[in-house]
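The following note is intended for a colleague who is meeting this structure for the first time. Please read the points beside the sequence and the model.

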Amino acid sequence: MVRVEGVHKRYRNGPPVLAGVDLALAPGGPTVLAGGNGSGKSTLLRIVAGCALPSAGRVTGRPAVVGYLPDRFPAQLRLPADAYLRHLARIRGTRPDPGLLARFGFTGPRREPMAGLSKGNAQKVGLAQALGAGAGLVVLDEPWAGLDAAAADTLADVLGEASAGTTVLVTDHTGRAARLAGARHLRLRDGRVEDAPAPTPVVPAVAIVLRCQDPEQVRHRLGVPGRVEDGRLHLRAVPSDSDPLLFTALRLGCSVESVGPA
Amino acid sequence: MTAVAVARYLLADAVRAQRVVLPVVLQVAVLAVLFGGDPGRLPEPWGASVLTLYPIAAWLALTVAHTEDPVQRDVTVAAAGGVGPVAAGTLLVALASDLGLAVLSVVWPVIVTPYPAPPSIVLTACWRISRPGRPVRRSGCCARGRGSGGRGVPCWSAPSS
């Protein structure tokens with residue numbers, strides 16, 4: 001178990017960024033750290049990962065192999081992706097996971113300098129070096145930044161598979177972490193860590209306006225929440241349900257007035 | 001072991017960075033100018049090339065140590081499990097590159113000058129390079145006009161007596 005004990009951090013001539021953080025991290029589910037811009041999330045992550053030293057306090061129980069993804073994985077690297085992953089795995093004393101990069105949907109050249117990669121592909125190399133080395137502790141700073149939808153889902157899957165034996169600490173601004181199974185949610189405020197309620201996942205919705213003979217009856221037949229205004233039926237539905245809903249409404253004799261984002 | 005792995009990684013990164021080329025090119029240019037004509041009998045000419053070897057080797061070592069992107073350095077430190085192995089690996093690469101520069105500076109005049117360079121002189125030069133602050137002492141060849149054949153070749157080392 002990784003223990004963060006009374007960690008303080010203050011940068012030169014600045015206010016304290018971390019003011020006594022106590023935290024115990026264990027395998028079994030990712031720990032999601034929230035907090036506003038500049039609240040010290042990245043600083044805490046760097047200290048937990050072992051690439052920054054706290055001004056006071058200490059981190060104990062850090063496993064021998066650590067995977068760390070910085071919040072801005074540099075895109076201007078000279079080594080090719082394959083060589084970089086091989087070198088990083090050798091530094092950790094492990095072997096790189098050969099299939100992980102492909103699993104994330106990496107589409108760039110693997111034998112040419114990484115400086116030519118797009119932001120998303122560079123981020124995938126960063127994820128592969130952090131997650132593909134069998135690390136006992138994985139620290140990911142904004143891992144969803146720049147990822148496409150498919151790679152974001154893959155990342156959630158990989159984190160779910162790894163969480164049984166790996167301690168995972170992650171920050172997120174995209175709302176994706178809210179959907180991680182078994183996640184523990186924390187918030188960093190005023191330099192201290194406190195428990196936070198799990199954020200509600202943001203579900204996109206579609207607004208549908210129907211013109212019907214009898215809007216109330218149609219609303220009951222459709223069985224979805226909605227309201228009647230000026231003889232028109234206003235509905236909200238998740239995108240995957242909108243087509244069957246519209247089909248049923250048309251069969252009930254309604255005409256579609258508008259469909260758009262809610 | 002981790003330090004060696006870090007050194008291999010840093011070396012692979014550094015050889016792709018163009019900025020390590022500049023110090024090497026400068027030392028090669030200095031050697032080419034110094035030993036282009038008739039510099040005289042060894043070990044005196046080494047006394048001139050070693051004057052640029054020290055600052056250029058320091059420049060090369062700093063360049064090698066700062067080739068890696070700072071954020072990338074964080075990832076490497078986390079992977080290596082601390083600053084120690086990364087510092088040791090950086091030191092290894094810096095030492096190896098400086099050693100290459102020193103060997104080049106010692107061997108170049110041995111190859112291009114027509115005078116005999118017995119192993120004892122070469123070894124003495126290597127020993128002197130490893131002890132900064134003690135320049136290669138003049139053998140007296142300039143003062144006596146031997147070696148340079150009295151053709152007006154400049155004497156590089158400062159008069160000691």
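1. B:V112 belongs to helix 5 of chain B, which covers residues 83–112; helices (H or I, at least four residues) and strands (E, at least two) are DSSP runs, numbered from the N terminus. B:V112 is partly exposed because its relative accessibility is 41%. Here buried means under 20% relative accessible area, exposed over 50%, and partly exposed in between (1.4 Å probe, protein chains only).

2. The model is a predicted one, in which local features need pLDDT of at least 70 and side-chain atom pairs count only at pLDDT 80 or more, while totals for chains, interfaces and linings use all residues. Residues are numbered from 1 along each chain as its sequence is written, chains are lettered from A and ligands numbered from 1 in the order in which they are written, and side-chain values use heavy atoms, with hydrogens and water left out.

3. B:V112 also takes part in a nonpolar surface patch of about 450 Å², together with B:L99, B:V103, B:V107 and B:I111. Patches consist of residues with over 30% relative accessible area and no salt bridge; like charges are joined within 9 Å, and nonpolar side chains (Val, Leu, Ile, Met, Phe, Trp, Tyr) within 5 Å. The areas come from the Shrake-Rupley method with a 1.4 Å probe, and for residues only the protein chains shown count as cover.

4. Chain B as a whole has seven helices and zero strands. Of its 161 residues, 42% count as buried. B:V30, in helix 2 (residues 21–34) of chain B, is buried because its relative accessibility is 18%. The C-alpha atoms of B:V30 and B:T52 are 7.7 Å apart, although the two residues are 22 residues apart in sequence.

5. B:R8 lies in helix 1 (residues 2–14) of chain B and is partly exposed, with a relative accessible area of 46%.

6. How many aromatic pairs are there over all chains? The count is two, where rings of Phe, Tyr and Trp (its six-membered ring) pair if their centres lie within 6.5 Å, and planes under 30 degrees apart count as stacked, over 60 as edge-to-face and the rest as tilted. The rings of A:F73 and A:Y84 are edge-to-face, because their centres are 6.2 Å apart and their planes stand at 65°. A:F73 sits in the loop between strand 5 (66–69) and helix 2 (81–92) of chain A, and A:Y84 in helix 2 of chain A, 11 residues apart.

7. Over all chains the structure holds 13 salt bridges, each a side-chain nitrogen of Lys or Arg within 4 Å of a carboxyl oxygen of Asp or Glu. One of them joins A:E216 and A:R219, with the closest N and O atoms 3.0 Å apart. These residues are separated by about one helical turn, because they are three residues apart in helix 6 (residues 215–222) of chain A.

8. Another salt bridge links A:R232 and A:E257 (2.4 Å, N to O). A:R232 is in strand 12 (residues 232–237) of chain A and A:E257 in strand 13 (residues 255–261) of chain A, so the pair ties together parts 25 residues apart in sequence. Through shared partners, salt bridges join A:R211, A:R232 and A:E257 into one network.
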